[in-house]
Amino acid sequence: MSSTPAHSPPPPLQGSARVWGTIALSAATFMNVLDTSIANVSLPAIAGDLGVSPNQGTWVITSFAVANAIAVPLTGWLSQRFGQVRLFIASVLLFVLASWLCGLAPNMNMLIAARALQGFVAGPMIPLSQSLLLSSYPSALAGLAMAMWSITTLVAPVMGPLLGGWITDNISWPWIFYINIPVGLLAASASWMLYHKRETPTRQLPIDAVGLGLLVVWVGALQIMLDKGKELDWFHSTEVVVLGVVALVGLVFFLIWELTEEHPVVDLTLFTRRNFWAGALATSIGYGLFFGNVVLLPLWLQQYMGYTATQAGMVMAPVGLLAIVLSPVVGKNIGKVDPRYFATFAFVVFALVLWMRSRFNTQADFGTIMIPTFVQGIAMAFFFIPLVTITLSGIAPERIPAASGMSNFMRITAGAFGTSIATTLWEDRAALHHAQLAESINQSSQGATSALNGLAAAGLNPEQALAQVNRLVDQQAFMLSSSELFYISALLFLTMIPLVWLTRPQRAGAGSADAAAGAH
């Protein structure tokens with residue numbers, strides 16, 4: 001991206017204008033981040049209402065995430081072409097329109113299309129809300145501005161599952177999208193009134209259309225392959241093979257093109273920096289593991305543990321409580337303590353949380369299931385800010401937007417992949433465990449015979465008794481599968497610790513503000 005012409009930035013906002021500006025920008029950010037998690041606990045209700053399987057319903061999450069990932073790297077070019085304020089307002093208003101279309105969707109295909117649009121227009125909102133918020137405060141208060149902003153992005157994932165579950169149980173699932181409409185309209189109106197006279201300079205810039213096209217092709221093909229693979233028996237299916245080839249060839253051509261293009265849509269030279277590639281890779285893998293388990297837990301609770309959407313949301317909600325309390329502490333000390341220690345601590349706590357979940361059984365009560373979620377808040381506080389500090393350390397200020405966009409692209413895409421991989425492995429392992437458990441249901445098994453006789457004595461006919469036993473076998477199979485995935489995820493978190501120590505981060509107070517800004 002070529003350099004922008006020099007200009008004098010507008011002075012910081014004062015008094016009530018700064019307060020209302022902060023509220024408006026935070027509301028838009030809150031709405032955006034909320035939509036990454038609010039649908040998680042509503043997936044079974046959405047899938048049932050639209051007549052598809054719960055695993056097909058995960059497209060509601062992955063379509064948003066992939067479209068969002070594609071849009072994030074374009075923020076720099078779009079803001080220079082149209083201006084930060086105009087682009088932000090347009091993004092918020094289009095997000096409102098997409099949310100309305102999501103609520104009206106009569107079938108899963110329309111809902112996925114609307115969610116993809118919602119994810120795409122959401123791409124510029126978070127980076128631009130950071131930029132506009134920082135321009136509202138004097139440099140001495142930049143840390144305060146970013147601390148307030150990061151707390152907003154931590155509260156939203158906390159509220160998402162709880163709010164989504166309550167709305168799904170007490171109203172109907174379309175309202176998880178309709179609630180964005182008043183929030184978005186108010187945020188857009190207030191932002192326009194406060195910021196339209198603070199528009200940034202614009203200029204004509206060439207867009208790397210070929211690079212963008214290749215980006216869409218390989219990311220889209222890879223995601224569809226991951227999502228359809230479990231239904232089509234992976235590489236035994238011609239469709240999956242074709243998607244895999246398209247993704248691989250598209251990625252190769254994308255890399256070649258971007259490395260030779262004068263105005264690339266993605267600055268791949270960032271990967272020559274050890275701190276950047278190691279930090280971004282650790283963040284992406286960690287987030288993919290985290291998000292895959294965030295999707296898996298409510299699916300298991302609702303389908304095989306008898307939880308309602310609200311109850312599943314309540315189990316997920318405490319994840320941000322300790323994160324909100326501890327994040328300001330981490331941000332305040334990030335310049336004094338080597339961030340690699342903080343990141344290592346986060347990975348150890350994540351591993352502990354997932355190990356605790358791997359010890360669950362079908363008799364686990366609400367409190368037992370909630371405790372690891374509460375502890376996970378500690379890991380979240382020590383995960384995002386230190387890792388983004390490591391990733392961006394030593395990068396020249398004019399390259400920070402490109403670096404932030406690329407690392408966010410990797411993180412968001414990893415989250416989408418984590419969702420697909422987790423649900424695929426969950427089903428595959430459960431099918432294996434079901435087959436193994438079903439082998440013991442025969443006439444020579446005293447336990448099976450006793451259980452079937454007991455069900456027959458309770459008034460069930462043979463077919464009903466076998467169906468009841470099959471339901472219990474299903475519950476145990478998916479419990480075993482969940483435990484395995486939790487345990488494997490715990491080990492993967494531990495194996496990532498050496499990756500963090502490959503970096504050599506620079507200690508700098510300014511980095512903490514960038515880190516807080518990049519947390520989501």
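I started with F345, which counts as partly exposed because its relative accessibility is 37%. The model is a predicted one, so I kept the confidence values at hand for the later entries.

**Entry 1. The chain as a whole.** I looked up the secondary structure and found 22 helices and zero strands in the chain. Of the 520 residues, 54% are buried. I then checked how far along the sequence the contacts reach. Among contacts between residues at least 6 apart in sequence, 85% join residues at least 24 apart. The accessible surface of the chain comes to about 21,700 Å², and carbon and sulfur atoms hold 67% of that surface.

**Entry 2. Confidence.** The average pLDDT of the chain is 80, and 87% of the residues score at least 70. Where is confidence lowest, and where is it highest? I found the lowest mean, 42, in helix 22 (residues 509-517), and the highest, 92, in helix 16 (residues 339-358). Two stretches stay under 50. For residues 1-6 the model has 12 contacts beyond four places in sequence. For residues 508-520 it has 30 such contacts.

**Entry 3. Aromatic pairs.** I counted 19 aromatic pairs in the structure. One of them is Y287 with F291, a stacked pair with 5.7 Å from centre to centre and 20° between the planes. Y287 and F291 are separated by about one helical turn, because they are four residues apart in helix 13 (residues 274-304).

I went on to F345 and F382. Their ring centres are 5.0 Å apart and their planes stand at 80°, so this pair is edge-to-face. It links distant parts of the chain, since F345 is in helix 16 and F382 is in helix 17 (residues 366-392), 37 residues apart. F382 is buried, because its relative accessible area is 15%, whereas F345 is partly exposed at 37%.

I also traced a cluster. Which residues do ring pairs link together? They are Y287, F290, F291, F347, F350, F383 and F493.

**Entry 4. V240.** V240 sits in helix 12 (residues 238-260). Its relative accessibility is 0%, so it counts as buried. Which residues is V240 in contact with, leaving aside its neighbours within four places in sequence? I listed M225, G229, L232, W234 and F235.

Entry 5. I looked up a nonpolar surface patch of about 510 Å². The residues that make it are L94, L97, W100, L101, L104 and L117. Which helix gives the most to the nonpolar patch? That is helix 5 (residues 84-104), with five residues. L104 counts as partly exposed because its relative accessibility is 45%. Patch residues need over 30% relative accessible area, and the 45% of L104 is therefore enough on that count.

Notes. Residues numbered from 1 in each chain as written. Predicted model: local features only at pLDDT ≥ 70, side-chain atom pairs only at ≥ 80, totals over all residues. Heavy atoms only, no water. Patch = residues over 30% accessible without salt bridge, like charges linked within 9 Å, V, L, I, M, F, W, Y side chains within 5 Å. Areas by Shrake-Rupley, 256 points an atom, 1.4 Å probe, with all protein chains shown as cover. Salt bridge = Lys/Arg side-chain N within 4 Å of Asp/Glu carboxyl O. Helix = DSSP H or I, 4+ residues; strand = E, 2+ residues; numbered from the N terminus. Buried < 20%, exposed > 50% of the residue type's maximum accessible area, 1.4 Å probe, protein only. pLDDT = per-residue confidence, 0-100. Contact = heavy atoms within 4.5 Å. Phe/Tyr/Trp six-rings, centres within 6.5 Å; stacked < 30°, edge-to-face > 60°.
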